[in-house]
Amino acid sequence: ATRDSAMSGSASGSTAVVTSPTLSGHARRFTAHYSGSGGMRFSKSFGDDRTSTNFLYDGWVYIPAGTGSIANIEMDLNQTMSNGDTVIFGFQCDGYRGKWDYSKNKGSAAKPSGEWVSTSVACNPSSWSRSKWHHVQISYSRNSSGTIDYKSVTLDGTTHSINASAFNARKLGWGSSIETNFQIDGRGSGTATVYLDKLTVSRW
């Protein structure tokens, strides 16, 4: 767990595998303590795949009743490509803008400048029903230079097209890796707990 240094405020957090609540029998719990609207990022490297260019992020998210104010829930995928650059498939439910956002690099791979771009698709973590599992599916692909085609997002069975392209490759010097990030951004000060279960990243 790492505090997102690009955000203001401060945060700390922890994660653990739990048996309740769960769909599969074992879910991962993420807890973030924040002040000044800080954010906590949780990361896991799970493979070595430089060649896949199509991805489907598929997971179930549960926010218990009484959870503190969550500004954003971010679900990312990072992949080191064959050319050694890392492409970042960034996606978040943005409570400030009330939309799903995707990430892009408006600079170059060598001198990146990241930004979030709002889609036309509504999303706000505060409007997600509490104590209920929500099914999130995000579809995207990339080309060999790191331009991403963000295709669609599906929440609880309802699919919305995005059809947006954005460059998001960076020269980070990482070795071969494919990694997922799950980030909780708080609003104000408080504690937020979120659970993630049955996370599957299909790639081809």
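Analyst: Here is a walk through the ring pairs.

The model is predicted: local features need pLDDT of at least 70, side-chain atom pairs count only at pLDDT 80 or more, and totals for chains, interfaces and linings use all residues. Residues are numbered from 1 along each chain as its sequence is written, and side-chain values use heavy atoms, with hydrogens and water left out.

A pair of aromatic rings is described by the distance of the centres and the angle of the planes. Here, rings of Phe, Tyr and Trp (its six-membered ring) pair if their centres lie within 6.5 Å; planes under 30 degrees apart count as stacked, over 60 as edge-to-face and the rest as tilted. The whole structure holds twelve aromatic pairs.

Take W100 and W128. Their ring centres are 6.4 Å apart and their planes stand at 50 degrees, so this pair is tilted. W100 sits in strand β9 (residues 99-105) and W128 in the loop between β10 and β11, so the pair ties together parts 28 residues apart in sequence. Strands (E, at least two residues) are DSSP runs, numbered from the N terminus. W100 is buried, at 1% relative accessible area. W128 is buried too, at 6%. Buried means under 20% relative accessible area, exposed over 50%, partly exposed in between (1.4 Å probe, protein chains only).

Now Y140 and Y150. Their ring centres are 6.1 Å apart with planes at 85 degrees, so this pair is edge-to-face. Y140 lies in strand β11 and Y150 in strand β12 (residues 147-155), so the pair ties together parts ten residues apart in sequence. Both Y140 and Y150 are buried.

Ring pairs also build a cluster: F55, F89, F91, W100, Y102, W128, Y140 and Y150.

How values were computed. Helix = DSSP H or I, 4+ residues; strand = E, 2+ residues; numbered from the N terminus.
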